[in-house]
Amino acid sequence: MAPAKLLVDIHTHVYLPRYANMLRARSSVPKIMTTLIDGKEQDRLLILDHEPSGGRPVGPQYWDRDQKLAFMDRHGIDVSVVSTANPWLDFLPASQAHELALELNADLEQYCSTGPDMTDSSVKRLYGFGLLPLVPEITTTSLLEAVKQISEAPHLKGLIMGTRGVGKGLDDEALDPVWAAIEAAGLVVFLHPHYGVDGKAWGDRDNGHVLPLALGFPFETTTAATRLILSGVFDRFPNLRLLLAHSGGALPQLSSRLASCIDHDPVVASRLKHDARYYLGKLYLDAVAYGPEELGFVSEVLSRANRYEAGSTLNEPADRKVGSKKVLFGTDHPFFPPLQSIEKWKSVVENLEAISSVQGWTEDEKDGVRGGNALSLFNIS
């Protein structure tokens, strides 16, 4: 059995050495390039065209396992479920994406399996989300091969996925065999943004990365998850487990508006088996929200889902304690490093303080969000 009250980080990234080396060899975005900053050479990561600030500094914290473990130790994190950071394999041709996905999944299994165990426990300190070669012109056979590989890797507990699917989005019917295989294997899909929204929305003023990251990323997740709901994926695959980054973006806040718009639109009014708010109960959200009020709110929205099942007569009030079972701690490491040298990262401390301060959660619910929910979701024991 896993020790009680572990702190488990489910939103933490890595660029494995094979992936980082591939980015170094590229001449176009995404790439890692060496540039002069104040007369000193510095590696910079560019993952989008027109990257603000000329990209971001990148170093061993992005790929060195010892540095990941040191970060965990410094912040009291017992277990991390690591994932390749965006843009994954989106920019590669199908044949290269297929080959690299299988290689990176094998690399990640080794990264986790050869890492340390918890003291006095068989629980590993590192688990992972694998990759699918989700690019246009990929074959269904290639995708299913990657799903099978991930499902057979003892330390890979799911897969991370962007919002483009195989080029047309996650509501593309071409993905149905993939959803079926993922559901049958019991894997968790971690849905993470990369592209944001049209950059023209941010205007001409230089605001660094703030608008794309604070708003663009969550808006992208909101749109992708909503398209997935509207496509009927959760009706066809009711046991699919989807984890949304950044606490689900704006979807919890807009879910009742979404339901009303569906009811009033003849194109989609009769498409789904249930009210749209029911499907939010199928979702898991990370706790990368930085504020207790936000976490309390999303847990309320998740808790009311069964009220909106077709034919339901339930009318009990929303209960934050119930919804908390679907919320899981994350750090987004190694992104959002502090600008000054400090012992603990603000992004970690703020998320832990937010969990501790949610009104309506007892210590049992808070312990669940910190780690117990993840141990259960990923069957770590």
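1. Helices (H or I, at least four residues) and strands (E, at least two) are DSSP runs, numbered from the N terminus. With that convention in hand, the largest share of the lining of the largest pocket, five residues, is supplied by H6.

2. A word on the ground rules: this is a predicted model, in which local features need pLDDT of at least 70 and side-chain atom pairs count only at pLDDT 80 or more, while totals for chains, interfaces and linings use all residues. Residues are numbered from 1 along each chain as its sequence is written, and side-chain values use heavy atoms, with hydrogens and water left out.

3. On a 1 Å grid over the protein atoms alone, a cavity is a set of points where a 1.4 Å probe fits but cannot get out, and a pocket is an open set with protein on both sides within 12 Å along at least five of seven lines; lining residues have an atom within 4 Å of a point. Grid points are joined across faces, edges and corners, and a volume is the space filled by probe spheres set on the points.

4. The largest pocket holds about 1200 Å³ of space. Its lining is made of 38 residues, and those nearest the centre are Leu213, Ala214, Tyr290, Asp332 and Phe336. Two or more lining residues come from each of strand S4 (56–57), helix H6 (210–230), helix H8 (251–263), helix H10 (292–303) and helix H12 (346–356). By class there are 22 nonpolar, 11 polar and five charged residues; here Ala, Val, Leu, Ile, Met, Phe, Trp, Tyr, Cys and Pro count as nonpolar, Asp, Glu, Lys and Arg as charged, and the others, Gly among them, as polar.

5. The second largest pocket has a volume of about 630 Å³. Of its 27 lining residues, Asp49, His50, Gly199, Trp202 and Pro212 lie nearest the centre. H6 again gives the most, with five residues. This lining has 10 nonpolar, 10 polar and seven charged residues.

6. As for cavities, a search of the whole structure turns up one of 30 Å³ or more. The largest cavity contains about 90 Å³ of space. It is lined by 13 residues, of which Trp88, Asp90, Leu132, Leu134 and Gly162 are the closest to its centre. Eight of the lining residues are nonpolar, three polar and two charged.

7. Now the sheet. Eight strands form an open sheet in the order S1-S5-S6-S7-S8-S9-S10-S11, with parallel pairing; two strands pair if DSSP finds at least two bridges between them. Strand S1 (8–14) and strand S11 (327–328) are the edge strands, each pairing on one side only. As background, strands of a sheet pair through backbone hydrogen bonds, either parallel or antiparallel.

8. Five bridges join S5 to S1 in the parallel sense, with Val8 opposite Val79 and Asp9 partnered with Ser80. Towards strand S6 (residues 126–130), S5 makes four bridges, also parallel, and Ser83 has Phe129 as its bridge partner. Six of the six residues of S5 are buried, so the strand is largely enclosed by the rest of the structure; buried means under 20% relative accessible area, exposed over 50%, and partly exposed in between (1.4 Å probe, protein chains only). Both faces are covered, with Val79, Val81 and Ser83 on one side and Ser80, Val82 and Thr84 on the other.

9. H10 has 12 residues and reaches 16 Å from its first C-alpha to its last, close to the 16 Å expected at 1.5 Å a residue; the expected span is 1.5 Å times one less than the number of residues. Its buried residues are Leu295, Gly296, Val298, Ser299, Val301, Leu302 and Ser303. Their cover includes H8, strand S10 (283–286), helix H11 (320–323), S11 and H12.

10. Two single residues deserve a line each. Gly330 sits in the loop between S11 and H12 and is buried, with a relative accessible area of 0%. Leaving aside residues up to four places away in sequence, Gly330 touches Asp9, Ile10, His11, Val288 and Asn351, where contact means heavy atoms within 4.5 Å. Thr221, in helix H6, is buried too, with a relative accessible area of 0%. With the sequence neighbours up to four places away again not counted, Thr221 touches Pro193, Leu244 and Ala245.
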